Amino acid sequence: EKFNTENLADLLEKKGGISVQKSQFGGGSPNIRGFEANKILLVVDGVRLNNAIYRSGHLQNIITVDESVLENTNVVFGPSSVVYGNDALGGIINMETKRLYFSKEPKIQTQFFSRYASAYNGFSSHQSLSYESNKFSLFNAVSIKDYGDVIMGTNRSHGYSDWGLVHHYQSNDEIIDNPNPNIQKNTGFQQLDIINKMLFKINNLWGMTSNIQYSTSS
């Protein structure tokens, strides 16, 4: 909440010991002590996002995790991470979504926020609903992100007027002239995240929970 980051990759970058590789605007691959993301175990609520043979090099899976629904994110460095299983050579990033609790009195909470970023004409919106009672609790959330192409600043005080300009871009195997070289074409992306969690109390010893998550990115 304090950092107000656009995605989970930017949030992890703020933590010491982790660097994030971004080969494009809609990407983010964490590095732990020189190990790329295919050698780092990425886990959401106990479900793996990858393994050691998923692919070589960087993984951008972390970008499709909605940071707005996380309770906490644990980063375990080094070989002690093997307690989570194999494939965690460099460490583990363990992400946990909002936890569900029971309440003696029924309780409803809602949350809504929107963000706008002028650097890439980006808009993001998040809304959630949580309900707690003595035998049932629920958490629903939807996040929508629509980020446009990155727009570079026009002030080049160092004297190199063509610094960083993108005069051409590729589309459908064609090289096209960029009408505005200050815009980095094809860097924008859209994302949708939906989560539904429910917790049922059967009796004082038994309970049942469900966890459904859906994320997609363009």
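Residues are numbered from 1 along each chain as its sequence is written, and side-chain values use heavy atoms, with hydrogens and water left out. Because the model is predicted, local features need a pLDDT of at least 70 and side-chain atom pairs count only at pLDDT 80 or more, while totals for chains, interfaces and linings use all residues.

The mean pLDDT of the chain (the predictor's confidence in each residue, from 0 to 100) is 88, and 96% of the residues score at least 70. Helices (H or I, at least four residues) and strands (E, at least two) are DSSP runs, numbered from the N terminus. Confidence is lowest in helix H1 (residues 8–13), with a mean of 86, and highest in E9, with 96.

Five strands form an open sheet in the order E7-E8-E9-E14-E15, and their pairing is antiparallel; two strands pair if DSSP finds at least two bridges between them. From one strand to the next the twist averages 5°, with axes fitted as lines to C-alpha atoms, for helices over the stretch in contact, and angles running from 0 to 180 degrees between N-to-C directions. Within this sheet, E8 and E9 pair over 10 bridges, and tyrosine 131 stands opposite leucine 138 in E9.

Grid points are joined across faces, edges and corners, and a volume is the space filled by probe spheres set on the points.

The whole structure holds one cavity of 30 Å³ or more. Residues lining the largest cavity include Asp66, Phe113, His126 and Lys145, and strands E7 (107–117), E8 (122–132) and E9 (136–147) each give two or more residues to this lining.

The largest pocket has a volume of about 780 Å³. Its lining has 28 residues, with Glu1, Ser68, Leu70, Lys98 and Gln111 nearest the centre. Strand E5 (70–77), E7, E8 and E9 each supply at least two lining residues.

The second largest pocket has a volume of about 300 Å³. Of its 18 lining residues, Val44, Leu49, Gln213, Tyr214 and Ser215 are closest to the centre. E15 gives the largest share of this lining, four residues.

Notes. On a 1 Å grid over the protein atoms alone, a cavity is a set of points where a 1.4 Å probe fits but cannot get out, and a pocket is an open set with protein on both sides within 12 Å along at least five of seven lines; lining residues have an atom within 4 Å of a point.
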